[in-house]
Amino acid sequence: MNELLTSLRAFSHRCSAGELANNVFKQYFRELDQGPEFPIDIFKMLRDFNINYIFQDLQDLEGIYSPDIEDSVAVVGINKNRRYERQRFTAAHELCHHLRDYQLPSVSPIDSKNDQIEVYANNFAAELLMPRRYFLQFARHYQDDKGFVSPDSALYLCNIFGTSFESVMWNLHKHRLLNFKLTKEFFSDFKVNEKIKELKLDSLENSFLKNIIDSYTYISRSDNSPSWLRLKNELIYNDGKIEGLNIDKQLAAEICTDIRLFGTKSSYFKAYHDNPAIVETAGQYMAYDKLMKENSHPDRYALKDYNKLLFSFAPHSELAGEYRKGNNAISGAIIQTTNYWEIEKEMFELEQDIKWYCNDIDSISFSNLIETATILHHRLTRIHPFEDGNGRTCRLLYNWVLKIKGLPPVYIEATDKKRYLEALTQADQDNLNPLMTLFMERTLHTLMFLNSECTLETYTLKDYI
Ligand SMILES: [Zn+2]
């Protein structure tokens with residue numbers, strides 16, 4: 001790709017934005033030796049052109065570009081608060097700066113209609129994500145007998161190209177495929193989200209998230225950095241809260257800090273026997289402390305040990321870590337859990353499947369890993385092997401699978417409990433997508449959070465690629 005980059009840079013000032021985008025598109029896919037697939041994976045394209053990207057809170061900017069000067073790597077920052085379609089557009093826009101304006105850092109404001117460099121980069125982005133030839137080819141399917149495309153049909157094109165309604169409409173306008181003028185009023189009157197539901201268009205969220213996560217620049221830090229400690233506190237607090245522990249954030253943080261500083265001498269181990277929320281939070285901390293040092297793959301015996309650890313400071317903890325000896329109906333659940341006499345067998349089978357999945361863990365992408373972890377997590381929720389602490393043990397298994405590939409742990413926010421439970425119910429009915437989306441969002445959140453301590457300069461170091 002380096003040679004391609006050099007030749008594209010040499011060519012970039014002698015052509016229009018459309019011509020540059022078409023050249024990038026053609027030559028990039030020729031170099032990969034594969035045909036284009038839509039929506040194109042713009043984030044992989046950034047990485048292939050030696051650009052690291054990060055999602056940040058950029059406030060009134062869409063993106064920033066920091067060039068590859070001397071021995072460093074180019075970095076693109078993308079506003080984390082914008083919709084995925086917009087983030088894809090920004091990624092393509094910043095790629096244009098990398099090809100054309102690579103001598104200087106640049107910032108791309110949200111509204112940039114009067115700056116020629118910005119207008120060029122916007123035109124480039126639109127053309128790269130919706131190449132003229134393919135756009136016309138797909139649009140043809142939606143033309144009426146006079147050759148026009150309706151706004152409803154434009155939504156199908158949004159789904160094909162992974163671009164916003166606005167940019168598809170402007171593209172239709174550019175190619176004279178609209179029979180009316182585009183106005184501000186039109187965009188404010190047209191209810192995009194309602195129409196998408198009405199037309200039952202599949203959400204592309206999962207495929208956008210997969211692209212973003214698979215090429216994301218994650219800088220692994222020592223697990224004693226301030227952001228890691230904060231992540232642990234948040235995880236312990238939220239994970240317990242989801243299970244109904246009566247604890248607040250402040251107390252959870254105090255327990256975590258105390259155990260970190262004083263180890264087994266911490267007063268939280270002994271003095272609060274009558275408070276299940278405190279002793280279970282302490283147990284949860286110990287379980288994650290162990291998990292962060294874990295080197296082996298998950299097996300059924302180790303899962304028992306983790307479940308035991310959760311309750312190791314609680315009174316009457318004899319049953320912790322043992323499989324349940326009865327069937328307890330879970331209120332509200334459509335599908336009931338495994339019969340207690342079959343738990344042993346199903347845990348054995350789960351372990352076999354974990355082994356099978358972990359066999360090629362080195363070669364799979366981050367998003368495939370998340371998919372695997374989601375499947376295993378859901379399987380364990382269905383078996384529901386223990387008397388208590390099943391939810392926490394299931395989420396720990398999820399994090400364990402991530403740990404094998406060096407990804408940090410994630411937690412579901414307590415305020416998202418309803419969404420999480422609904423996603424689990426959907427998974428019970430063979431639709432794993434909502435649970436996948438939730439876990440991918442949470443993984444991206446953790447990656448962004450742990451990276452938030454790094455300065456932009458950190459990303460320009462070649463070592464991190
Ligand atoms: Zn810009």
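This is a predicted model: local features need pLDDT of at least 70, side-chain atom pairs count only at pLDDT 80 or more; totals for chains, interfaces and linings use all residues.
The domain assignment divides the protein into domain 1 (2-132), domain 2 (141-208) and domain 3 (226-464). The centres of domain 2 and domain 3, taken over C-alpha atoms, are separated by 41 Å.

An open sheet is built from four strands in the order 1-3-2-4, with mixed pairing.

The pairing of strand 1 with strand 3 (residues 74-79) is parallel and extends over six bridges. Within this pair, I51 has A74 of strand 3 as its bridge partner. Strand 3 also pairs with strand 2, in this case antiparallel and through four bridges. Here the bridge partner of G63 is I78 in strand 3. Strand 2 (residues 61-66) is in turn joined to strand 4 by four bridges, and these two strands run antiparallel.

Helix 16 (residues 343-359) contains 17 residues. From its first C-alpha to its last, helix 16 reaches 24 Å, close to the 24 Å expected at 1.5 Å a residue. Its buried residues are M347, L350, I354 and Y357. These residues cover an arc of only 80° around the axis, which places them on the same side of helix 16. The face turned away from this buried side carries the exposed residues K345, F348, Q352, K355, W356 and N359. The cover over the buried residues of helix 16 includes helix 15 (300-310) and helix 17 (366-383).

Several loop residues were considered individually. Most residues other than glycine have a negative phi, and most peptide bonds are trans. A cis peptide bond links F38 to P39, with omega near -5°. P39 belongs to the loop between helix 2 (17-32) and helix 3 (42-48).

Positive phi values occur at H384 and D430, neither of which is a glycine. For H384, phi is near 50°, and the residue lies in the loop between helix 17 and helix 18 (390-404). H384 has 23 other C-beta atoms within 10 Å and is therefore buried, the cut-off for burial being 20 or more. For D430, phi is about 70°. D430 lies in the loop between helix 19 (417-428) and helix 20 (433-451). With 6 other C-beta atoms within 10 Å, D430 is exposed, since a residue counts as exposed at 12 or fewer.

A further loop residue, D111, is found between strand 4 and helix 5 (116-129). D111 is exposed because 9 other C-beta atoms lie within 10 Å. The C-alpha atoms of D111 and K26 are 30 Å apart, the two residues being 85 residues apart along the chain.

Conventions: Residues are numbered from 1 along each chain as its sequence is written. The expected span of a helix is 1.5 Å times one less than its number of residues. The arc is that of the directions from the helix axis to the C-beta atoms. Two residues are in contact if their C-beta atoms, placed from the backbone, lie within 7 Å. Two strands pair if DSSP finds at least two bridges between them. Domain bounds come from an automatic or database domain assignment.
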